[in-house]
2 protein chains.
Amino acid sequence: MPDAVTTDLSQQMATIGRRARAAASVLATTTGAERASGLIAAADAIEADAARIAAANAEDLARAGDLSASLRDRLALSPKGIAAMAAGIREIAAQPDPVGESVERWTRPNGLNFEKVRVPLGVIGIIYESRPNVTADAGALSVKSGNAAILRGGSESAASSAAILQAIRRGLASAGLPMDAVQGLPTTDRAAVGIMLTMSDAIDLIIPRGGKGLIARVQSESRVPVLAHLDGNCHVYVHASADLAMAATVLQNAKLRRTSVCGAAESLLVDADCAATALPQLIPMLLDAGCAVRGDALVQAIDRRVTAATEQDWSTEYLEPTISAAVVPDLDAAIAWVNRYGSHHTDAIIANDPVAAEAFLNGVDSAIVLVNASTQFADGGEFGFGAEIGISTGRLHARGPVGARELTTTKYKVRGTGQVRP
Amino acid sequence: MPDAVTTDLSQQMATIGRRARAAASVLATTTGAERASGLIAAADAIEADAARIAAANAEDLARAGDLSASLRDRLALSPKGIAAMAAGIREIAAQPDPVGESVERWTRPNGLNFEKVRVPLGVIGIIYESRPNVTADAGALSVKSGNAAILRGGSESAASSAAILQAIRRGLASAGLPMDAVQGLPTTDRAAVGIMLTMSDAIDLIIPRGGKGLIARVQSESRVPVLAHLDGNCHVYVHASADLAMAATVLQNAKLRRTSVCGAAESLLVDADCAATALPQLIPMLLDAGCAVRGDALVQAIDRRVTAATEQDWSTEYLEPTISAAVVPDLDAAIAWVNRYGSHHTDAIIANDPVAAEAFLNGVDSAIVLVNASTQFADGGEFGFGAEIGISTGRLHARGPVGARELTTTKYKVRGTGQVRP
């Protein structure tokens, strides 16, 4: 029998769901200009509330005494960070409106005209880590695409997120948009997430961001469709035809520009045909730059600082200055390796041979496959999408960076002159 | 503790899953021409096996002694029906190849070239009613789009489906494609479906077709993403600006051309501004054509053969010669009615006023919205998709007719010249 607290929380969640659905109905009738105005007003409100948001963030930081440096770094909001959030929302407001976009149009021999157009998905539930700025990004991308959002940020950032949410809601309302276009949860209690995952009538899509544990829980529990953002075990494969200077530059960037992002390279594959020249250039370069290397026997032979890789290393996303490295016999073996050990996120080949490059592009089964470019381009902004909620590693609905357009569905408009079906 | 039979079935299902995954890997490397040749060979094999398929169908029919006439009708395969299956596969083979299709291509200021291309989804599980021809259609559409299929048809058609499957597999193999590109289940036991719904490593997408009970079960149990085909409670709304002769022709076709299809109209809405002239033309026309009418008070007043509609009628998909009918105050009320009682499948307006028509197209939240055309055009073939697995009523991944292209996902190919991310 559910206890009183659970029942109360269920009722609160049901109310949030109904309000989101109602807000989504209103948003669906707004123009892109109206939604853009609402977002600009939300950005203004965040700037106006900067002191209040900073105070809330200080409260979160004080409570989160024993966080790791990197978690603390994600959680902290400087005055510059608050200004950047507002600027980010304005950028999203300035992007082209995905809603109403005509994807395709054709006429059949019977004269019926078919048009496929983008429309909002409806209500999106977003579950994310303790990064207050995601509250702004995720809320803004949802409103941009005509959707209502139910946001559940990490508990360590609860006060910061609530302050940001309050500003966004006031901004939207001041521009005549429904305040409930963006809502938070009434509690950081995990039970609320559990209820959220059952609300298939109220929520059309759940987007989980964060650790593997969270995403696995969401995928196994959710009765609502899930757009998952899994890990990025990204590879850089140096083909025999590679320009080795380019390989070194791209590899260094892919691994070390930022090691904590999902597009960071985690594994280096070197073709046997160029290993004798490539390894002595690439491996000491990585080591000298402060990157630990875990290699197979051939890689270990290059430099005594290389440690032995275990089978587990080949499928590990380190998110730190560590890389696994192996020599592969040829292009086909490289493709098979990436498909076996990789996470179908983002992988790159360095090659001057266009045939090899195209074979890698076709053969590697990942959301993003690059030739002669850093895996760190795995980012909606770098794709030109303006902003992203994350990189989808699922195969359904959206694969790769998820921007405002990926938060839409489509409908068919069919225009006739009295046609009947024979 | 699982008993021996369940364990055995689980192992058999796991084997099917592994074979499907292996077949999908091979299919992913085939050209469209190779897959088309395989499909033509499968069509040839179905024709060569016509007698064997007919005998299997006779066996199914003999066993299914107490089926309703309509179920029996779906189950029965005439020689003409077998030839039509083969012809259907050849048509799918002749359609353009969706795999490798370049959806979009652009270059960023840094010179990186982005291309979004279609690739196969992987492995698709299709659960359907006792219609043997779906075995051929679903298998062919899967192979066309480079996917492996695991097919589970209704138990009444087990022998027919197995015979069709055997022919298709032999045909594919004769053309050098993997036989396991199309597999059936080892048993019609429902437990096998239960296991199938848990196989999220082996299956990328489940498509359930059939009754509400089946689809609800799949949606609530499945750990694999589901592309659902729910009911079609389709509306025809006659606007005040309608050409009433056109309204009569379209309505008759929408309701009565075939009453058992999901695109059949189930509800008529008439605008109050034309009710006085429209109802006396439309209601007796339907009644005289053998269609039962369940109406509100105004509709009942037109003809004593009209019976009173209950609240339940407004949301009922009859799939028989019965229609609900109501008068609505205006266009906005019609849109609100369709969004409230409809099933977001297919709805039509009859109107000469283009402003009203566009408002209906925009306001009705359905997969397919038509102006001045029959709802029975809700069909992949009529859209020009060649064939379809069904009409998706979900909002994720694909909405509306699901043809070969909707059975693909995309990947990004990014081509650079050594770019690194600043």
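Me: Which residues are linked in a network of salt bridges?

Reply: The model is predicted: local features need pLDDT of at least 70, side-chain atom pairs count only at pLDDT 80 or more, and totals for chains, interfaces and linings use all residues. Residues are numbered from 1 along each chain as its sequence is written, chains are lettered from A and ligands numbered from 1 in the order in which they are written, and side-chain values use heavy atoms, leaving out hydrogens and water. A salt bridge is a side-chain nitrogen of Lys or Arg within 4 Å of a carboxyl oxygen of Asp or Glu. The network of such bridges links Glu101(A), Arg118(A), Arg405(A) and Glu104(B).

Me: What area is buried between chain A and chain B?

Reply: Contact means heavy atoms within 4.5 Å, and 66 residues of chain A are in contact with 66 residues of chain B. Buried area is the accessible area (1.4 Å probe) that two parts lose on being put together, summed over both. Carbon and sulfur atoms give 47% of the area buried between chain A and chain B, which is about 5400 Å².

Me: How many salt bridges are counted between chain A and chain B?

Reply: One salt bridge joins the side chains of Arg421(B) and Asp379(A), at 3.8 Å from N to O. Between chain A and chain B, the count of salt bridges is eight.

Me: Which strand of chain A gives the most residues to the side that touches chain B?

Reply: A polar contact is a pair of N or O atoms within 3.5 Å; within protein, one must be able to donate a hydrogen and the other to accept it, and residues adjacent in sequence count only if both atoms are side-chain atoms. The interface of chain A and chain B holds 56 residue pairs in polar contact, both residues being at pLDDT 80 or more. Strands (E, at least two residues) and helices (H or I, at least four) are DSSP runs, numbered from the N terminus. With 11 residues, the strand of chain A that gives the most to the side touching chain B is E16.

Me: How many residues are charged on the side of chain A that touches chain B?

Reply: Ala, Val, Leu, Ile, Met, Phe, Trp, Tyr, Cys and Pro count as nonpolar, Asp, Glu, Lys and Arg as charged, and the others, Gly among them, as polar. On the side of chain A that touches chain B, 27 residues are nonpolar and 21 polar, while the number that are charged is 18.

Me: Which strands are the edge strands of the open sheet of 10 strands?

Reply: This open sheet has mixed pairing and the order E10(A)-E9(A)-E11(A)-E8(A)-E7(A)-E12(A)-E13(A)-E16(B)-E2(B)-E1(B). Each edge strand pairs on one side only, and the two are E10 (307-308) of chain A and E1 (102-107) of chain B.

Me: Why is strand E7(B) largely enclosed by the rest of the structure?

Reply: Buried means under 20% relative accessible area, exposed over 50%, and partly exposed in between (1.4 Å probe, protein chains only). Cys234(B), Val236(B) and Val238(B) cover one face of E7(B), and His235(B) and Tyr237(B) the other, all being buried. E7(B) is largely enclosed because its buried residues number five of the five.

Me: Is Asp204(A) buried or exposed?

Reply: Arg21(A) forms a salt bridge with Asp204(A), with the closest N and O atoms 2.8 Å apart. Arg21(A) lies in helix H1 of chain A and Asp204(A) in the loop between helix H8 and strand E6 of chain A, so the pair ties together parts 183 residues apart in sequence. Arg21(A) is partly exposed at 28% relative accessible area. At 13%, Asp204(A) is buried.

Me: In E4(A), which residue is the bridge partner of Val123(A)?

Reply: All five of the five residues of strand E3(A), residues 123-127, are buried. E3(A) runs parallel to E4(A), residues 148-152, and five bridges join them. The bridge partner of Val123(A) in E4(A) is Ala148(A).

How values were computed. Two strands pair if DSSP finds at least two bridges between them.
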